[in-house]
Each structure stands twice: as structure tokens, then as C-alpha cells.
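Q: I have a model open and want to learn to read it feature by feature. Where do we begin?

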Amino acid sequence: MKTALITGVTGQDGSYLAELLIQKGYTVYGLVRRTSTVPTERIYHLHDQLRLVSGDLLDEKSLRHILEECEPDEVYNLAAQSFVPESWSQAILTGEVTGLGVTRLLNAILDVNRHIRFYQASTSEMFGNVQEVPQTELTPFYPRSPYGVAKLYAHWITVNYRESYGLYACSGILFNHESPRRGMEFVTRKVTHAVARIKAGLQQKLALGNLDAKRDWGYAPDYVEGMWRMLQQDRPDDYVLATGETHSVKEWVMKSFGIAGLNWENYVTIDPRFVRPAEVDILVGDSTKARTQLKWRPSTSFDELVRLMVEADWALVREQLVSQQAISHLREQG
């Protein structure tokens with residue numbers, strides 16, 4: 001039985017990865033920051049199978065202590081300040097957590113056990129102002145946000161420690177991957193949740209930024225499978241995970257409203273506040289290497305992904321309405 005440590009376990013990818021590893025028989029530890037409240041709704045259903053430990057990527061001593069306590073065979077670093085727009089207003093924090101936090105974790109692995117296999121969550125945002133289409137593992141990077149810059153540092157420090165110290169350290173260059181567990185601040189979930197609220201009569205308008213930006217969107221559970229496969233190879237390497245298809249934000253919006261039987265033009269407004277200072281116009285990945293070496297394939301189409309997210313948010317909104325009605329009824333009776 002293997003043991004794994006997941007940082008960022010309370011996020012979208014962390015929750016799906018924890019499920020996957022538990023299904024494979026792993027003992028799974030999840031790193032959570034020392035805060036007064038820990039957002040555990042994504043992992044609540046795993047509360048009796050997942051072991052939470054307290055630590056912080058800003059505190060290398062805590063990371064060494066956790067590695068000594070948990071004795072993991074594999075470490076998956078998914079923790080980051082990962083909301084791109086927020087990285088401009090919190091550029092220093094983004095660099096400390098998303099960039100230097102990886103160095104602290106790698107140093108802790110060096111000190112505690114160099115045989116630990118390490119996965120770093122890199123991102124297509126490192127390509128930024130893309131130098132070629134589609135993007136592969138060999139495409140030059142040109143990040144266009146503090147988040148992308150911090151992730152690029154983390155990517156290269158992972159490569160550097162692999163080559164300098166012989167660590168089994170991989171980076172997964174993952175293109176956009178979504179699910180009903182995506183945070184509300186991300187445009188895909190912002191759209192599908194707004195569609196559900198508009199359909200229920202709870203919201204009138206949806207304000208968005210650049211509708212012309214194009215992305216390569218996949219389904220998050222497919223991508224965590226790729227993470228795991230990277231650490232099962234004989235030799236460490238870096239891999240792009242992507243669908244190879246590109247769709248605009250406008251397409252996502254049209255498809256989402258269409259599923260609900262609504263005309264998007266009646267509800268969507270453009271707000272300059274949601275336009276990035278430096279835009280990334282198009283991202284689309286070539287995952288030939290992962291498909292060949294890892295035998296990895298995305299299993300969910302763009303249309304299927306949009307539909308499952310719209311339907312999940314519609315179910316969520318209806319459940320909230322029922323709860324509110326029940327509370328109102330009790331108050332009337334009381």
C-alpha cells in the first residue's frame with residue numbers, strides 16, 4: 001500500500017485526486033493551511049478516509065515535519081494562489097506561495113527522503129502570449145500574469161532539482177480543466193451557476209470580460225488520472241495534458257444558456273473590470289507525448305462538460321430553493 005500527500009487537497013483537483021488514490025488503495029494525507037476555517041465541502045464525503053494535516057507552503061519547517069510524520073511515497077503539489085485575475089492584486093503573495101512554496105517543498109523532500117516521487121502542477125498559463133499553436137512540452141514560455149510567472153518559476157525549479165539532485169520530479173502542464181467543483185470565481189463555473197440562477201429567477205444579468213479568449217477545456221477527473229500516471233513511470237518527465245480542441249468563452253456562454261433554453265444575448269453584459277491587464281488570447285495543447293507514453297486520453301467532450309456543469313448547478317440551485325422554502329415555512333409556523 002502506497003502513501004500519498006496532496007497539497008491543495010480542498011480544491012477541485014485535490015478532491016478528485018484524493019478520490020482516485022483512495023480507490024487505488026493509497027493511504028492519503030491532505031495538507032491544509034492553518035486557518036480558523038478550512039473549506040472542506042469538496043472533500044467532506046471523504047472525511048473518514050482522508051487524513052488532514054496542518055501546514056503551509058510559506059513554512060518550510062512545517063513541510064519537513066509533515067513529510068517525516070506521513071512518510072509519503074508520492075507528493076502531489078496542487079496548492080497555489082490559482083485565480084489568475086487575483087494574481088495582479090496579490091502579486092507578492094502569488095509569488096511566495098505559487099513559486100517559492102515549491103522550492104520550500106522540494107527542499108523539505110531533499111532533507112527528509114530523496115526517494116519521494118514529486119508532482120508539480122504546472123499550467124498552460126505559462127505559455128501566455130503563445131509562440132506556436134498548438135503548444136507542446138517544447139513550446140517557449142511567455143507568461144502574461146503574475147500567476148503565470150510564478151508557475152513558470154515553480155516549473156523550472158522542479159526541472160532544476162530533478163537534474164541537480166536526481167529527484168523523481170515531474171511537472172504536468174495542464175490546460176484548463178473544469179467540473180462542478182470548480183470555484184465560483186472561475187469563468188466557466190461563473191457562467192453555469194449564473195445560468196441556473198437566471199433560469200430560477202434569482203438573477204437578472206451576468207457580467208463578463210473578454211468573450212473572445214479561447215481555451216482548451218477538459219474535465220478535471222480525467223486530468224488527475226494523468227497526474228497519477230506521471231508518477232508511475234520508470235523515469236520522471238514533464239507532460240502536457242490537453243484535449244487538443246479550442247473554444248471561446250463566447251462558445252461556453254452560448255452553449256450554457258442554450259442548454260437552459262435561454263438566449264444568452266438577453267442576459268450577458270460586458271464589464272471592463274473583468275478584462276485582464278494582459279490578455280492570453282488562445283491556449284490549445286498537443287498532448288501527443290502523454291497519449292503515447294502515459295496511455296492517457298481525455299474522455300469527456302466539450303459539449304458533455306458544459307452540459308454536466310449546467311445540470312449540476314441547476315440541481316444545486318433547486319436544492320437551495322427547496323431549503324429556503326422549508327426555512328420560510330418553519331418560520332411562518334413558529
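A: We begin with a pair of strands. Keep in mind that this is a predicted model. Strand 2 pairs with strand 3 (residues 50–54) in the parallel sense, over five bridges. In that pairing, Tyr29 has Arg51 of strand 3 as its bridge partner.

Q: What holds paired strands together in general, and which strand runs parallel to strand 2 through five bridges besides strand 3?

A: Strands of a sheet pair through backbone hydrogen bonds, and the pairing is either parallel or antiparallel. Here, strand 1 (residues 3–7) is joined to strand 2 by five bridges, and the two run parallel. Ala4 stands opposite Val28 of strand 2.

Q: Which way do the side chains of strand 2 point?

A: Start with the rule: in a regular strand, side chains alternate between the two faces of the sheet. In strand 2, Thr27, Tyr29 and Leu31 point one way. Val28, Gly30 and Val32 point the other way.

Q: How many residues of strand 2 are buried?

A: Six of six, across residues 27–32. The residues pointing either way are all buried.

Q: How far does helix 5 reach from its first C-alpha to its last?

A: Compare its span with the expected one. Helix 5 (residues 146–165) has 20 residues and reaches 28 Å, close to the 28 Å expected at 1.5 Å a residue. After the helix comes Gly166, with a positive phi near 75°.

Q: What do the buried residues of helix 5 pack against?

A: They pack against helix 3 (86–89), helix 4 (91–112), strand 5 (117–123) and strand 6 (168–174). Among those buried residues are Tyr147, Leu152, His155, Ile157 and Tyr161.

Q: Now a single residue. Is His247 buried or exposed?

A: Check the relative accessible area. His247 counts as buried because its value is 14%, and the cut-off for buried is under 20%. His247 lies in strand 12 (residues 247–248).

Q: Which side chains make polar contacts with the side chain of His247?

A: Two glutamates do. The contact with Glu245 is 3.2 Å, and the one with Glu251 is 3.1 Å. Leaving out residues up to four places away in sequence, His247 touches Ala213, Lys214, Arg215, Trp217 and Phe302.

Q: Where is Met184 found?

A: Look in the loop between strand 7 (177–178) and helix 6 (187–199). Met184 counts as partly exposed because its relative accessibility is 37%.

Q: Which residues is Met184 in contact with, leaving aside neighbours within four places in sequence?

A: Arg189, Lys190, His193 and Leu316. For a C-alpha distance, take Met184 and Ala194: they are 10 residues apart along the chain and separated by 9.6 Å.

Terms used:
Residues numbered from 1 in each chain as written. Predicted model: local features only at pLDDT ≥ 70, side-chain atom pairs only at ≥ 80, totals over all residues. Heavy atoms only, no water. Buried < 20%, exposed > 50% of the residue type's maximum accessible area, 1.4 Å probe, protein only. Helix = DSSP H or I, 4+ residues; strand = E, 2+ residues; numbered from the N terminus. Pairing = 2+ DSSP bridges. Expected span 1.5 Å × (residues − 1). Contact = heavy atoms within 4.5 Å. Polar contact = N/O pair within 3.5 Å; in protein donor to acceptor, adjacent residues only side chain to side chain.
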